[in-house]
Amino acid sequence: MDYDKLIPQKIRDIQPSGIRKFFDIAQHVEGVISLSVGEPDFKTPWAARKEAINILEKGKTAYTANSGLIKLRRTVCDYLKGFIHTEYDPESEVIITVGGSEAIDLAIRALIEPGDEVLVPEPSFVCYSPITAMMGGTAVPIVTRAEDKFKLTAAALKEKITPRTKLLILPYPNNPTGAVMRRADLEAIAEVLRDTNIVVASDEIYAEMTYNGEKHVSIAEMDGMRERTLLISGFSKAYAMTGWRLGYVAGPQPLIKQMLKLHQYCIMSSPTVSQYAAIAAIKKCDDDVKHMIEEYDMRRRLVVKGFNDMGLECFEPEGAFYVFPCIKSTGMTSEEFCEKLIYEKKVAVVPGSAFGASGEGFVRVSYAYSVSHLTTALGRIREFLEEHKNC
Amino acid sequence: MNTNKLLDLLRQNARLSDAELAAMLGESEDAVAKELKRLEDDGIIMGYSAIINEEKVDENGVTAIIELKITPVKDCGFDDLAHTIMEYEEVDSVFLLSGANDLSVTINGASLRNVALFVSERLAVLDGVLSTTTHFILRRYKEKGHIFNEDNFDDRGLVSP
């Protein structure tokens, strides 16, 4: 067999995720303690788990409607109305997807054809560019900077818009930087987009994890933006339901209608048990979510202080569960830093460069760990820095 | 100051520095130090101790939980006897229980024999003790929220998106 001949060039050209590459290194070092996990350390709240058990006992194991259980779609729409004050029709403007990931995939596949450009603020999650490339589109990175708190600015956006621009990915709260876009920041972006034909895929999977008092704001709330926004979110992060694989996309009917066809042929319908559990998650787990957010917030402050104290400048992230300290003062590249840290001190963090070229000089640290785990790991990083001070 | 949160953090890890506690609670280091002193002065925080996997320190050492049935005394109930027992140095903790038994006494001893002798010679003979039931701890799985296991309980991968 000549497998290479079988595989189209554009598939062969896709690079494995830089996160994945680092995972392979981490796996071969014994006794590693990790600060690299992008999922909650909490278990799914009991009310959601209990509902899943109930549903299994009742034998509700068939497919659901393609776009998901109507009851879940209604529940999601009620939630969005309360959370971001934006109304969607549960019949025609929501699809329940296999994680936020599938929603991202649907959005890009439904919109992009060869020649189209997709704007991707970086550093950001790793999937946007490869999916764009598979569709024959071009991902155009927009560099965000620490001095702007890694926010997307209107000026940077304007500079990259061309007649070919079709889609803007808006990944906030951001993985890996922890940056958030506040109302005024979004208003400035909306001002740039309102008179264009550009769609925003707003990846708000970390929306519940926004700190320092102000709640999350969605670009869909801004005047004139609902009609050009695909709001993507899910249950993985907020409800600690990563393994249930459930997310959703809400947006204007003409777009959702097209995306639903892709979803139907690829997925059929999202996992039924997960969908029932998700209804319980939204309806019964507010207190659990509140508790988790408070925990993350405490750890966030601990870790930010930890890095600043050891001399690695760390802007204060206001969302998600990552901090993104700058390691340029060590004279190492992100990859060098991470490899040395894992071999010498057995602590795994992810090089910022895995999230786009502009992540170089930074590392991503997750604080989805217990306080004791965090203090141990921070202690080792401190030792590491001291040992490398005079190198 | 959120005192409940402060106490929660200390329950999990009493070695956090004032500075770390302050960062997590969004308070100043001074305010945390002051609050800790108040909690100590008021007898809310009684002390700070480590959670130790005793089996790894001394293979032969044993911990026993001894449940006692005792006769309550007019006016002071079970207090008198509880006070006598808690004065024994060997005794680690004493609790009054609801249910079938009255007192639960925890003892750390150098050996099974040691503990058995302590029960028969010091506890069982006390006036008012009707019966004793001794349970030896054979394995510790979890204590004060800490899981005693070599295996990593984190079933998440080392690195993920």
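Chain A of this predicted model is divided into domain 1, covering 3–43 + 287–387, and domain 2, covering 46–285. The centres of domain 1 and domain 2 of chain A, taken over C-alpha atoms, are separated by 24 Å, and the contact takes 34 residues from domain 1 of chain A and 34 residues from domain 2 of chain A. On the side of domain 1 of chain A that touches domain 2 of chain A, at least two residues each are supplied by helix H3 (18–27), helix H12 (286–309) and strand E9 (322–323) of chain A; H12(A) gives the most, with seven residues.

Turning to the contact between the chains, 14 residues of chain B are in contact with 22 residues of chain A. The elements giving two or more residues to the side of chain B that touches chain A are helix H1 (3–12) and helix H2 (18–25) of chain B, and the largest share, three residues, comes from H2(B).

The table sets out the residue classes on one side of each contact.

| Side | Nonpolar | Polar | Charged |
|---|---|---|---|
| Domain 1 of chain A, touching domain 2 of chain A | 18 nonpolar residues | eight polar residues | eight charged residues |
| Chain B, touching chain A | seven nonpolar residues | five polar residues | two charged residues |

A further element of chain B is helix H3 (residues 29–41), which has 13 residues and reaches 18 Å from its first C-alpha to its last, close to the 18 Å expected at 1.5 Å a residue. H3(B) is followed by Gly43(B), whose phi is positive, near 75 degrees.

Conventions
Residues are numbered from 1 along each chain as its sequence is written. Chains are lettered from A and ligands numbered from 1 in the order in which they are written. This is a predicted model: local features need pLDDT of at least 70, side-chain atom pairs count only at pLDDT 80 or more; totals for chains, interfaces and linings use all residues. Two residues are in contact if their C-beta atoms, placed from the backbone, lie within 7 Å. Helices (H or I, at least four residues) and strands (E, at least two) are DSSP runs, numbered from the N terminus. Ala, Val, Leu, Ile, Met, Phe, Trp, Tyr, Cys and Pro count as nonpolar, Asp, Glu, Lys and Arg as charged, and the others, Gly among them, as polar. The expected span of a helix is 1.5 Å times one less than its number of residues. Domain bounds come from an automatic or database domain assignment.
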